[in-house]
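Let's take a walk through a protein model together.

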Protein chains: 2
Amino acid sequence: MDADTNNMPTPLRRWHEIVRDRDLSGLHGLLAEDARFHSPIVHRPQVGRVVTAMYLSAACQVLLNDSFRYVREVVSGRNAVLEFLVEIDGIEINGVDMIRWNESGRIDDFKVMIRPLKAIELIHRKMREMLAASTGA
Amino acid sequence: MDADTNNMPTPLRRWHEIVRDRDLSGLHGLLAEDARFHSPIVHRPQVGRVVTAMYLSAACQVLLNDSFRYVREVVSGRNAVLEFLVEIDGIEINGVDMIRWNESGRIDDFKVMIRPLKAIELIHRKMREMLAASTGA
């Protein structure tokens, strides 16, 4: 669906603009200093704005091809759950972005879950390649 | 958290009662005839009330130990996303129940996603054992 961003909480509207425009330049300013990123792969969260932005950028580079779309949006209070579908390498990936923001409208918690198992395994491989490339590891 | 069920939509309140009481007897009546279950493991949904009830029962038997608790609840319209934590065999499992109900208040779509990868692999094994036992396979 095309998100109707008019009546959305501001942080959620800004996240949708980042995804729609494939433009990550506003990402850092949207994150709280103590933002945490919880990946679908690893238990331990990534802590802090810089590392959260790095992981979200890598996730965007892996996931945001032309087939990416949000298909369900559940929002209440300062929490949003955005369900997405995307096809990569012939595999359909179904996931959720679970986004929470603080009272200042900065995202302080971003969690991603993915199904089915085959999709997680693919994303695991892609993220590893992406992060290895970006850190020169 | 202990869910405050007073102001909840009826199907959601009934789901919480099933989980709280570990009593699946009301499950069949809560599901729509055309209910679908989407597992964290397999792409293809399970279709129909009987098979959905079977998968949800197996999932409850695997997941509902004493450490199970819901930690975030995002509800709007006829959709709810309930985030849970549970520890099984020393592994912390973080997941969501994504529940949608129809205009008659029957659940017609139930999707589960789980993170991290290690937790999915554990649940994959447990569910396989459970379903094999219940079908005599």
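Which residues in α3(A) meet which residues in α4(A)? On the α3(A) side, look for A:A58, A:Q61 and A:V62. On the α4(A) side, the partners are A:I123, A:K126, A:M127, A:M130, A:L131 and A:S134. Sorted by class, this contact has six nonpolar residues, two polar ones and one charged one. Before going further, keep in mind that what you're looking at is a predicted model.

Now for how those two helices are arranged. Helix α3 of chain A covers residues 49-63, and it packs against α4(A) at an angle of about 125 degrees, with the axes 10 Å apart. Angles over 145 degrees would count as roughly antiparallel and those from 65 to 115 as roughly perpendicular, so α3(A) and α4(A) are oblique to each other. The crossing in which α3(A) passes α4(A) is right-handed.

Turn to chain B and find its own α3, residues 49-63, and α4, residues 117-135. Here the angle is about 125 degrees and the axes lie 10 Å apart. That makes α3(B) oblique to α4(B). Again you'll see a right-handed crossing as α3(B) passes α4(B). From α3(B), the contact uses B:A58, B:Q61 and B:V62, while α4(B) brings in B:I123, B:K126, B:M127, B:M130, B:L131 and B:S134. By class, that gives six nonpolar, two polar and one charged residues.

Next, look at where the chains touch. Chain A puts 19 residues into the contact and chain B puts in 20. On chain A's side, β3 (69-76), β4 (79-88), β5 (91-101), β6 (107-115) and α4 (117-135) each supply at least two residues. The largest share, four residues, comes from β3(A). If you sort chain A's side by class, you get 12 nonpolar, four polar and three charged residues.

What about the inside? In soluble globular proteins, nonpolar side chains tend to be buried together. In this model, the largest nonpolar core has 68 residues. Those with the most contacts inside the core are A:V81, A:I99 and A:I114, along with B:V81, B:I99 and B:I114. Zoom in on B:I114 to see some of its surroundings: leaving out residues up to four places away in sequence, B:I114 touches B:P40, B:I93, B:G95, B:A119, B:I120 and B:I123, plus A:M113 from chain A.

In chain A, a cis peptide bond joins A:R115 and A:P116, with omega at about -15 degrees. A:P116 sits in the loop between β6 and α4 of chain A. Chain B has a cis bond from B:R115 to B:P116, where omega is near -10 degrees, and B:P116 is in the loop between β6 and α4 of chain B.

Two residues of chain B are worth a look for their phi angles. B:R22 isn't a glycine, yet its phi is positive, about 50 degrees. You'll find B:R22 in the loop between α1 (10-21) and α2 (27-30) of chain B. Is B:R22 buried or exposed? A residue is exposed if 12 or fewer other C-beta atoms lie within 10 Å of its own, and B:R22 has 11 such neighbours, so B:R22 counts as exposed. B:D89, also not a glycine, has a positive phi of about 50 degrees. B:D89 lies in the loop between β4 and β5 of chain B, and with 8 C-beta neighbours inside 10 Å, B:D89 counts as exposed.

Key:
Residues are numbered from 1 along each chain as its sequence is written. Chains are lettered from A and ligands numbered from 1 in the order in which they are written. This is a predicted model: local features need pLDDT of at least 70, side-chain atom pairs count only at pLDDT 80 or more; totals for chains, interfaces and linings use all residues. A nonpolar core is a set of buried Ala, Val, Leu, Ile, Met, Phe, Trp, Tyr and Cys residues joined through C-beta atoms within 7 Å. A residue is buried if 20 or more other C-beta atoms lie within 10 Å of its own, exposed if 12 or fewer, and partly exposed in between; C-beta atoms are placed from the backbone. Two residues are in contact if their C-beta atoms, placed from the backbone, lie within 7 Å. Axes are lines fitted to C-alpha atoms, for helices over the stretch in contact, and angles run from 0 to 180 degrees between N-to-C directions. Angles under 35 degrees count as roughly parallel, over 145 as roughly antiparallel, 65 to 115 as roughly perpendicular and the rest as oblique. A crossing is left-handed if the near helix is turned anticlockwise from the far one by less than a right angle, and right-handed if clockwise. Ala, Val, Leu, Ile, Met, Phe, Trp, Tyr, Cys and Pro count as nonpolar, Asp, Glu, Lys and Arg as charged, and the others, Gly among them, as polar.
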